[in-house]
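Here's a quick tour of the structure, meant for reading with the model open beside you.

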Amino acid sequence: MFRKNSFSGGTHPHDEKQWSSAKAIEIMPLPETVIIPIQQHIGAPSDLIVEKGQTVKKGQALSSSSKFVSVPVHASISGTIKAIEQRPHPLGANLLSVVIESDGEDSWISDFKEEPDYFELDVQQMKQRIADAGVAGMGGAAFPSHVKLSPPEDKNIDTLILNGVECEPFLTADHRIMLERPDEIIKGMRLIMKILKIDTGYIGIEANKPDAIALLKEKVNKETGIEVVVLEVKYPQGAEKQLIKASTNRDVPAGKLPMEIGCVVQNVGTAVAIYEAVAMQKPLIERVVTVTGTSIHEPKNLLARIGTPFSELIACCGGMKDNTAKIVNGGPMMGMAQLTDAVPVIKGTSGILVLDEKTANMQEENPCIACARCVDVCPMKLLPNHIASYVEYNKFDKANELGIFDCMECGTCSFICPAKRHLVHYIKLGKALINEQKKAV
Amino acid sequence: MERRFVISPSPHVKDGDSIQKIMYAVVIALIPAGIGGIYFFGLHALWVIAVAIAASLGAEALFSKMMKRPIQLQDGSAIITGLLLAYNVPAEVPLWLPAIGAVAGIGIGKMAFGGLGYNPMNPALIGRAFLMASWAVHMTVFRTAPKGGTLSGIDAITNATPLNVFKGAREILTNSVNYSAEQVTEATQAITQLYNSSGNLFWGRVGGCLGETSAILLLLGAVFLMYKRIIGWKIPFAYIGTVAILTWAFGGTNGLFSGNPIFHILSGGLILGAFFMATDMTTTPVTFKGRLYFGIGCGIFTFVIRLWGGYPEGVSYSILLMNLATPLLDRYTKPKVFGG
Ligand code: SF4
Ligand code: SF4
């Protein structure tokens with residue numbers, strides 16, 4: 001079968017993965033304190049079920065969720081709850097967080113072992129375990145996983161795509177997970193396929209990770225219905241719609257979700273978390289974080305507890321250089337700049353990027369010279385220059401007409417713009433303002 | 001105190017290209033043709049170029065100051081305007097002419113709209129149109145023959161540029177009843193010779209505006225800009241292709257498909273216009289189809305003006321007209337959203 005393993009548009013930032021791609025995942029020392037925001041996912045917040053002063057074990061739930069599009073959070077160390085208060089959150093603003101002081105024991109609430117017959121559980125039970133374990137997408141967006149695994153009855157899902165693309169420059173966490181935990185990835189994938197009742201699964205990996213491609217190809221050799229798809233190295237190859245296009249040549253209709261055309265996409269790290277949730281009922285309390293950037297002394301891939309402050313991960317990597325100007329939660333294209341390094345690792349923290357003054361140097365914005373580069377690279381085939389200008393001049397209906405809501409905020413347009421226009425920023429702003437207007441009427 | 005870090009919107013890495021780099025690349029790409037102009041038409045051409053650039057920069061600084069806007073000479077765009085204006089006037093013009101043209105181009109064509117990025121039409125072409133309207137004789141009478149060649153590129157005629165000769169001869173041949181047999185024979189010979197003079201046109205050994213005559217030197221710059229992805233293929237190829245097809249089909253003197261497209265591509269300002277002026281980013285569409293239509297539109301207008309218009313050449317006006325159509329082209333060629 002002919003398959004074009006790419007999408008149209010996109011760009012080629014320097015991948016900068018060489019700093020950390022060969023570094024095996026290192027387990028971080030036990031943090032003394034963790035800060036666990038009760039909301040780390042997209043959706044409704046969960047309800048707190050613990051009190052200040054209470055002692056908790058590692059893996060104990062701190063909140064429960066009655067809403068469907070929501071997941072609980074868990075204690076990632078054992079110890080005492082020192083405070084429940086507003087703390088800075090990596091996605092901006094302050095959010096209610098549970099602050100736990102370690103007792104140094106690091107004792108689990110129960111022993112998490114693989115249950116021998118976990119694969120025979122019924123699908124509802126599996127989904128419940130995934131929800132209870134607090135699994136949310138670990139590629140960055142942190143959408144509750146059990147929701148993605150519960151498509152409406154009328155949608156005919158036939159394909160799972162596991163996202164091992166990791167197209168963000170600098171990040172190598174998923175790459176390391178694929179190299180070091182391939183069996184769990186495939187077990188998780190089998191579970192997802194069972195839950196969705198499908199027999200076709202792809203693992204999409206960018207061609208710049210030949211070792212991961214070779215390893216997973218070898219592993220899936222014995223499996224039926226699972227195939228590794230090698231994808232062109234291009235940003236944003238890992239965006240859901242672009243990944244689906246590249247792997248299956250299907251187009252997700254504008255304004256719709258992948259399930260519309262029978263696809264579900266999950267990140268490779270999420271597959272591991274799903275396996276652990278179903279097979280061991282182990283909650284999501286840690287994740288692999290790539291700590292890297294131009295101003296970090298020793299880039300690493302760390303297995304860090306959820307709630308560990310960024311500062312400790314940075315210290316674990318030899319600290320930051322004096323020329324540090326910017327700290328980012330996530331990758332350089334879509335990640336969010338942080339005011340302080342006191343923010344904690346959350347479920348969606350795929351990387352911590354420490355950048356120097358020169359890289360972070362905000363070049364001044366110039367007027368658009370209509371060079372059309374943003375138009376040429378936009379993977380959604382929008383006119384970012386015109387949309388941004390309409391937002392700038394408060395012409396929101398025009399921006400809407402040009403498809404502002406089809407923008408996935410990948411940042412490719414801003415990256416390429418020679419006038420250094422903050423195109424995505426205007427687009428995000430425009431979306432927020434339009435939504436506000438809608439609410440007002 | 002707790003350390004604070006820089007907050008700025010994503011993405012946190014950027015492509016290395018900037019407006020300045022783009023503009024200076026265009027300047028570099030235009031240099032060979034300028035050197036060619038000086039070589040073919042003499043040292044006065046250098047002064048024309050220098051005055052045009054100086055006047056552009058001066059005008060931009062002055063108008064920016066008057067309008068209380070930051071002076072942005074370093075972006076290089078005013079240098080391009082100066083260069084293009086100089087390349088679009090005869091090499092022997094008095095020096096005040098390019099100076100006035102540059103001031104008019106920058107003032108009316110660029111700063112009046114708010115400066116770089118906001119101008120709807122190419123400032124150099126506005127400057128040129130201003131000069132055409134005010135001093136038509138200076139702008140349309142060419143006297144300097146190129147070094148080692150003749151004004152027309154052929155030996156028989158020495159007082160007109162190739163397109164002038166072509167227009168005159170074609171007029172005679174298409175209305176031969178009004179002319180003597182001798183005139184008709186002469187015209188036939190002139191056209192044949194013109195069609196055989198493509199070597200001169202290619203190298204630039206013909207009369208014309210300062211920087212427009214040498215196809216090879218202009219193409220050298222164009223290839224560089226294409227390699228650097230600063231100009232695309234769509235506008236220049238659509239433009240030149242349209243002119244080629246139309247002049248081949250309808251531009252001959254012996255009925256359909258008797259025209260000579262090579263002559264039309266190489267003569268006049270088509271190469272300069274198609275690669276360096278019709279590709280001006282700000283004044284041309286951003287969509288794929290829009291750029292194609294823009295080129296085709298320029299080609300149609302150029303063809304019509306060359307064959308039936310009041311002037312022998314129509315590149316500048318064609319581009320200006322299509323500049324005006326750019327917002328419409330963008331609006332009606334909006335690409336289909338992915339999955340839409
Ligand atoms: S407009 Fe949106 S989808 Fe298109 S490149 Fe910019 S951020 Fe990406
Ligand atoms: S890339 Fe920047 S300068 Fe070029 S058209 Fe887009 S917004 Fe304008």
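Start in chain A, in the loop between helix H9 (357–360) and helix H10 (373–377), which is where you'll find A:Ala372. Keep in mind that this is a predicted model. A:Ala372 isn't a glycine, yet its phi is positive, at about 75°.

- Ligand 1 has 13 residues around it, and the closest are A:Cys378, A:Cys407, A:Cys410, A:Gly411 and A:Cys413.
- Two helices of chain A, H13 (412–416) and H14 (423–440), each put at least two residues into the ligand 1 shell.

- B:Phe257 is another non-glycine with a positive phi, here about 55°.
- Look for B:Phe257 in the loop between helix H11 (234–250) and H12 of chain B.
- Is B:Phe257 buried or partly exposed? B:Phe257 has a relative accessible area of 46%, so it goes down as partly exposed, the class between 20% and 50%.
- A:Tyr235 and A:Pro236 are joined by a cis peptide bond, with omega at about -5°.
- A:Pro236 sits in the chain A loop between strand E10 (226–231) and helix H6 (240–248).
- In chain B, the bond between B:Ser10 and B:Pro11 is cis, with omega about -5°.
- B:Pro11 belongs to the segment ahead of H1 in chain B.

**Helix H10 of chain B**

- This helix covers residues 215–227, so to speak 13 residues, and spans 18 Å from first C-alpha to last, close to the 18 Å expected at 1.5 Å a residue.
- Its buried residues are B:Ala215, B:Leu218, B:Gly221, B:Ala222 and B:Leu225.
- Viewed down the axis of H10(B), the buried residues stay within an arc of 135°, so they line one face of the helix.
- On the face turned away from that buried side, H10(B) carries the exposed residues B:Leu220, B:Val223 and B:Tyr227.
- What covers the buried residues? The cover includes four chain B helices: H1 (19–41), H9 (198–203), H12 (261–266) and H13 (270–277).
- Just past the end of H10(B), B:Arg229 has a positive phi of about 60°.

**Nonpolar cores**

- The largest nonpolar core holds 109 residues, and B:Leu30, B:Tyr87, B:Tyr239 and B:Phe276 have the most contacts inside it.
- H1(B) is the biggest giver to this core, with eleven residues.
- Which residues does B:Tyr239 touch, leaving aside neighbours within four places in sequence? Its contacts include B:Leu270, B:Gly273, B:Ala274, B:Ile296, B:Cys298, B:Val315 and B:Ile319.
- There's a second, separate core of 49 residues, and A:Phe112, A:Ile185, A:Met189 and A:Ile192 are among its members.

Methods:
Residues are numbered from 1 along each chain as its sequence is written. Chains are lettered from A and ligands numbered from 1 in the order in which they are written. This is a predicted model: local features need pLDDT of at least 70, side-chain atom pairs count only at pLDDT 80 or more; totals for chains, interfaces and linings use all residues. Side-chain values use heavy atoms; hydrogens and water are left out. The expected span of a helix is 1.5 Å times one less than its number of residues. Buried means under 20% relative accessible area, exposed over 50%, partly exposed in between (1.4 Å probe, protein chains only). The arc is that of the directions from the helix axis to the C-beta atoms. Contact means heavy atoms within 4.5 Å. A residue is near a molecule or strand if one of its heavy atoms lies within 4 Å of it. A nonpolar core is a set of buried Ala, Val, Leu, Ile, Met, Phe, Trp, Tyr and Cys residues joined through side-chain atoms within 4.5 Å.
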